[in-house]
Amino acid sequence: MKKNTYTLALTGLFGACAVALSYLESLLPTEAFLPPGAKPGFSNLANLFAAEALGPLPALGIALLKAGFAAFTRGGTAGLMSLCGGVLSTAVMLLLFRKDKRLGYVGIGVVSAVCHNLGQLAVAAAMVGNVSVLAYLPALLLFGATAGALTGLISRAVMPALQRVLRRK
């Protein structure tokens, strides 16, 4: 019982961090240096931490929380795109942490960020009824890979300290 309470509390903390980081990302002026609609994805740090340290249900719960936050603050379309991208990237993250740790945090960050973008593009293509949005794919892949590498580097730097805290429970 104590472990379940601890995991739930950590999931809540990581979820709160994800929502706060998502909000802070929305304040960045994107016109100058990001593709339209793109965000750096720092809120995905919480998913990466949860996927590595807490497991599938907490990580997917955080993805759902982020999608709900997006829907509440930016509308249904943003919520749906966040849901599809977030669940796909979290599922891939979980799979890679379980099956192929050779990629490390940077590799997993890159692959999951690219999957997040692919999930969002799939929703966009379905919404407009054609694949013309795929013209946006090269820019999103480049940006997603860069943002994912940065997220992975941050995770690689922070995860040892987080693991030490988690072992003290």
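Cysteine 115 is buried, because its relative accessible area is 14%, and the cut-off for buried is under 20%. This is a predicted model. Cysteine 115 is in no disulfide. The nearest cysteine sulfur belongs to cysteine 84, and it is 13 Å away.

Now look at cysteine 84. Is it buried or exposed, or in between? Its relative accessibility is 30%, so cysteine 84 counts as partly exposed. The structure as a whole holds zero disulfides. Cysteine 84 is therefore in none, with the sulfur of cysteine 115 13 Å away.

Next come the aromatic rings. A search of the whole structure finds two aromatic pairs. One of them joins phenylalanine 14 and phenylalanine 49. Their ring centres are 6.1 Å apart.

Two packed helices are described by the angle between their axes and the distance between the axes. Helix α4 covers residues 76–99, and helix α5 covers residues 104–128. The angle between them is about 145 degrees, and their axes are 8 Å apart. The crossing of α4 past α5 is right-handed. What kinds of residue make up this contact? It has 15 nonpolar residues, nine polar ones and no charged ones.

Definitions and conventions:
Residues numbered from 1 in each chain as written. Predicted model: local features only at pLDDT ≥ 70, side-chain atom pairs only at ≥ 80, totals over all residues. Heavy atoms only, no water. Disulfide = S-S within 2.5 Å. Buried < 20%, exposed > 50% of the residue type's maximum accessible area, 1.4 Å probe, protein only. Phe/Tyr/Trp six-rings, centres within 6.5 Å; stacked < 30°, edge-to-face > 60°. Axes fitted to C-alpha atoms, helices over the stretch in contact; angles between N-to-C directions. Helix = DSSP H or I, 4+ residues; strand = E, 2+ residues; numbered from the N terminus. Left-handed = near helix turned anticlockwise from the far one by under 90°. Nonpolar A, V, L, I, M, F, W, Y, C, P; charged D, E, K, R; others polar.
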